[in-house]
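Please keep the sequence and the structure in view while reading.

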Amino acid sequence: EVQLQASGGGLVQAGGSLRLSCAASGFTFDDYAVGWFRQAPGKEREGVSCMRDYGGGTYYSDSVKGRFTISSDNAKRTVYLQMDMLKPEDTAVYYCAARAAGLILSAWNSANQYDYWGQGTQVTVSS
């Protein structure tokens, strides 16, 4: 059974940093793509970043490009999202998600492409 466990959220001041972790079980990263999404109150779920391990490649939304970095530690079966230069508009519940090979790259940020979801972790950035 595929399971994802997101953690690392918290309260931080604008300009600060947080690192989110997504611990996975039930699959190997070699075969899956893992994405990070976020959802702010009253807004749709937004794709933030994606890592496709089996073919390589990382992807970012324009709103976080240059500030966020996705990485993985395959030995620990964990994907990280390093978030730097945080802004109040980054405040949201962050989710990690995964799917097997077959991700459509042009739509990496579409939530309906992902089969498995972790619970969310709250990130709050104060101004």
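Strands E1 and E3 run antiparallel and are joined by five bridges, where strands are DSSP runs of at least two residues, marked E and numbered from the N terminus, and two strands count as paired if DSSP finds at least two bridges between them. Across this pairing, Ser7 stands opposite Ser21 in E3. The model is a predicted one, in which local features need pLDDT of at least 70 and side-chain atom pairs count only at pLDDT 80 or more, while totals for chains, interfaces and linings use all residues. Residues are numbered from 1 along each chain as its sequence is written, and side-chain values use heavy atoms, with hydrogens and water left out.

E1 and E3 belong to an open sheet of four strands, which has the order E1-E3-E8-E7 and antiparallel pairing. Its edge strands, each pairing on one side only, are E1 (3-7) and E7. From one strand to the next the twist averages 15°, the axes being lines fitted to C-alpha atoms and the angles running from 0 to 180 degrees between N-to-C directions.

## The E7-E8 hairpin

Strand E7 (residues 68-73) and strand E8 (residues 78-83) run antiparallel and are joined by six bridges, with Phe68 standing opposite Met83 in E8. The two strands form a hairpin with four residues between them, and Arg77, which lies in the turn, has a positive phi of about 55°.

## Cysteines

How many disulfides does a search of the whole structure find? The search finds one, a disulfide being a pair of cysteine sulfur atoms within 2.5 Å. Cys22 and Cys96 form this bond, with their sulfur atoms 2.2 Å apart. Cys22 lies in strand E3 (residues 18-25) and Cys96 in strand E9 (residues 92-100), so the pair ties together parts that are 74 residues apart in sequence. The torsion about the S-S bond of Cys22 and Cys96 is about 70°, and the disulfide is therefore right-handed.

Both Cys22 and Cys96 are buried, a class that means under 20% relative accessible area, whereas exposed means over 50% and partly exposed lies in between (1.4 Å probe, protein chains only). Cys50 is likewise buried, with a relative accessible area of 0%. The closest cysteine sulfur to that of Cys50 is in Cys22, and because the distance is 12 Å, the two are too far apart for a bond.

## Salt bridges

Side chains of opposite charge can pair when their charged atoms come close. A salt bridge is counted here when a side-chain nitrogen of Lys or Arg is within 4 Å of a carboxyl oxygen of Asp or Glu, and by this rule the count comes to four. One of these joins Lys65 to Asp62, with the closest N and O atoms 3.4 Å apart; Lys65 counts as exposed at 52% relative accessibility, as does Asp62 at 68%.

Arg38 and Glu46 also meet in a salt bridge between their side chains (2.9 Å, N to O). Arg38 is buried, with a relative accessible area of 7%, while Glu46 is partly exposed at 28%. Arg67 forms a salt bridge with Asp90, in which the closest N and O atoms are 2.7 Å apart. This pair links distant parts of the chain, since Arg67 sits in the loop between strand E6 (58-60) and E7 and Asp90 in the loop between E8 and E9, 23 residues apart. Arg67 counts as buried at 9% relative accessibility, and Asp90 is buried with a relative accessible area of 0%. Through shared partners, salt bridges join Arg38, Glu46, Arg67 and Asp90 into one network.
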